[in-house]
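Subject: Handover of a structure and notes on what was found

Dear colleague,

Please find the structure below, together with its sequence. My notes follow directly after it, and I would be grateful if you could read them with the model open.

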Amino acid sequence: MNGRAIDLAVVGGGLAGGLSALAVHRAHPEMRIALFEAGETLGGNHRWSWFASDLDPAGAELLSLYRRTEWNQGYDVAFPGYQRTLGAGYRSLASSDFDETMRRELPPQAIRLRSRVSQLSHDGVTLESGERIAARVVVDCRDFEPSPHLRGGWQLFMGRHLRTCEPHGLTRPIIMDARVRQHGAYRFVYTLPLSADELFVEDTYYADNPELDRDALSQRIDRYCEAMGWRGETIGGETGVLPVITGGDFAGYHTGLGEPGIVRSGARAGFTHPLTSYTLPFAIANALELARHAHLPGDRIANLFDHRARDHWRATGFYRRLGRMLFDAARPEERYRVFGRFYRLREPLVERFYAGRSTATDRLRVLSGKPPVPVFAAIRALLGKGSPLVHERSQ
């Protein structure tokens, strides 16, 4: 960095951080940017997926820079006794393609891999190596950290990238297949046909604790692939544990993130879909917002994003309410009925739900009719019961 202050320091080279750096660089190529990532690559080992209807034209244009897989013939869902094909287009981006695009689009000196940040302040960052980099604006896009201020459960998953011995015949994604044993949690299998002989098969479940049993999930994927008639070799995979936030004291959580004046984006700042754990639409919107205001002083941008985070918390209260119904009101083996009933609703409502844009009418339609859980249990859930989102390592 030649010893002088840079314009923008982005900490965390995942989806939110990478998109932020890219959006600012495209809008202001004269700015000196540094993207700090502790790992060997940008994006880690992950796959992000989204519906075409999740993004506005500006967001779709930014993501068009990345190589991704697209399906425009709809997707399927399946529950015991009920199946449906919906028409929305679906997209998926692998972290390897994310990393490749970031290296191509950003100046080489802007990417700082193997650079773990030990301290952030409003005017710069300090690396574990002791190097101090002064910056006009500091953006914190690190991963979510569990907190006693937040309540909820967990979404756990294992994905397997499979090359099949022969064409698998699947033409569109299966977003949820809940016709599987539930094993004491809401469980479904998610499958993406990446090519004629490649599949991404993910076993996902909503559980009350974050312990992920890799052997058990691997065996479940084996059984599912066998039942579907898919044989082949494993060429990649991933696992993950994501928070499903059902309530809490957001002001207390936000205060605990650190000193004021730092711009906070991504999952750590609360920009997630509380029920699905999706982050991509919000990461895109924040990246474009940062680019629009990148010339402002850092404290003003930080204040703007603090307000965005509080607004996002208020706007997503409905999804936290559904999460409480899912975790607190339904018996684990019956939780699939919540989504099974949801997927009988009109398709535009489903699209707005995933994009985090449900209307007041949508909320009434989701909650109307015969509830999928006992009435008194649902009322108790709506009043805010739930477990703190705290890992043992964070206590």
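Strand S15, which covers residues 198–207, is mostly covered, with 10 of its 10 residues buried. Please bear in mind that this is a predicted model.

In a regular strand, side chains alternate between the two faces of the sheet. In S15, Glu198, Phe200, Glu202, Thr204 and Tyr206 point one way. Leu199, Val201, Asp203, Tyr205 and Ala207 point the other way, and the residues of both sets are all buried.

Which strands pair with S15? One of them is S12, residues 147–164, which runs antiparallel to S15 and is joined to it over 10 bridges. Within S15, Thr204 has Phe157 standing opposite. The other is S14, residues 186–195, whose pairing with S15 is also antiparallel and extends over nine bridges. Here Asp203 of S15 is the bridge partner of Val189. S14 and S15 together form a hairpin, with two residues between them.

Across the whole structure, a search finds 25 aromatic pairs.

Is Glu289 buried or exposed? Its relative accessible area is 13%, and Glu289 is therefore buried, the cut-off for that term being under 20%. The side chain of Glu289 makes a polar contact of 2.6 Å with the side chain of Arg292. Beyond its neighbours within four places in sequence, Glu289 is in contact with Leu304, Phe305 and Arg308.

Two of these contact residues, Phe305 and Arg308, are also related to each other: Arg308 lies over the face of Phe305, at 5.8 Å from the ring centre. Another arrangement of a charge over a ring involves Arg320 and Trp313, where the charged end of Arg320 sits 3.7 Å from the centre of the Trp313 ring.

With kind regards

Technical notes:
Residues numbered from 1 in each chain as written. Predicted model: local features only at pLDDT ≥ 70, side-chain atom pairs only at ≥ 80, totals over all residues. Heavy atoms only, no water. Buried < 20%, exposed > 50% of the residue type's maximum accessible area, 1.4 Å probe, protein only. Polar contact = N/O pair within 3.5 Å; in protein donor to acceptor, adjacent residues only side chain to side chain. Contact = heavy atoms within 4.5 Å. Phe/Tyr/Trp six-rings, centres within 6.5 Å; stacked < 30°, edge-to-face > 60°. Lys NZ or Arg CZ within 6 Å of the ring centre and 35° of its normal. Helix = DSSP H or I, 4+ residues; strand = E, 2+ residues; numbered from the N terminus. Pairing = 2+ DSSP bridges.
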